[in-house]
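Have a look at the model first, then read on.

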Amino acid sequence: MNGNKTKKLGSDFEKEYWILRYSIFVGRIAEVPVYINFSFAFVFILITLSLTITILPNFNPGLVQSNYVIAGVVCAFISLFSILFHKVAHSIIAKKYGIKFQKIILFAFGGIALQLIELIDPKKEIYMAFAGPLISFIISCLSFLIWFELHQSNILIIQGFPISSIVFDSAMINLVIGLFNLLPVFPSDGGRILRSFLYYRTHDQFKATINAIKIGWILSFSILIIGAAVSLKLSPIGGVWLILVALFLMRASKSYYNVYQTMRPSN
């Protein structure tokens, strides 16, 4: 294996990454600039409307409509901060290994922590990649425990607010974030873990990266097909979401693929 600990991706990477466009700076956390892409507004509104109109009234009927709206907005913000905590966990471990993230971008399908320098040590990359899902799972477990206690105590609504449903949504949101990011689609956390295992076998990071990307393409295409089937047979909205997720994963993988092709080692 290469004895170096890190590798610089080069200036082409930031140009290639399309999600960097149309994002606004909102602050810093753990010394890393945080941006929100305009596409996140769509998901924020969708989460709020879904909870306000359908989910919360079904589980907590008879409440004042304004309380449903407030609870829906709270859950949307929980989604925002859950993604942010997930990415900050990556940043903390990366900093421990001498890598500083350039920026964190939150967008419709989650978040991206931009790093122009990559770890070459596969063991360290696994630790860094799994840090995000681990935090998401910890928050999910804590939320489930709080929700269970509320249910046991029959404290479902506090001053007209469906507090139990909000805590349950926090648990589910973080569970989904953790599981989604473990999909073996590069450059997601699961894709980076997959690359690290391939690197152990091939002792060639370039080949491991390209193979991880190709495996991710196969999985993304499978999600696309499943999404089309779900849209036609079961749930149009659910199917469209799966299709959009698959297209995003393909686009993100293609961005990395284009950059890595320019870094192909000379024979």
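## The pocket

Eight elements each give at least two residues to the lining of the largest pocket: helices H2 (39–59), H3 (65–96), H4, H5 (163–181), H6 (189–202), H7 (205–233) and H8 (236–262), plus strand S5 (110–114). Helices (H or I, at least four residues) and strands (E, at least two) are DSSP runs numbered from the N terminus. The model is predicted, with local features needing pLDDT of at least 70 and side-chain atom pairs pLDDT 80 or more, while totals for chains, interfaces and linings use all residues. Residues are numbered from 1 along each chain as its sequence is written, and side-chain values use heavy atoms, without hydrogens or water.

The volume of the largest pocket is about 1,300 Å³. Phe109, Gly110, Val176, Ile177 and Phe180 are the closest to its centre among the 45 lining residues. That lining comprises 32 nonpolar, nine polar and four charged residues.

## Helix H4

With 31 residues (122–152), H4 reaches 44 Å from first to last C-alpha, close to the 45 Å expected at 1.5 Å a residue. There is a kink of about 35° at Ala131, shortly before Pro133. At the helix start, a side-chain oxygen of Asp121 comes to within 3.0 Å of the backbone nitrogen of Lys123. Just after H4, Asn154 has a positive phi of about 60°.

## A histidine in H3

His86 belongs to helix H3.

Terms used. Expected span 1.5 Å × (residues − 1). Bend = angle between axes of the 7 residues up to and from the residue. Polar contact = N/O pair within 3.5 Å; in protein donor to acceptor, adjacent residues only side chain to side chain. 1 Å grid on protein atoms, 1.4 Å probe; cavity = no way out; pocket = protein on both sides within 12 Å on 5 of 7 lines; lining within 4 Å. Points joined across faces, edges and corners; volume = space filled by probe spheres on them. Nonpolar A, V, L, I, M, F, W, Y, C, P; charged D, E, K, R; others polar.
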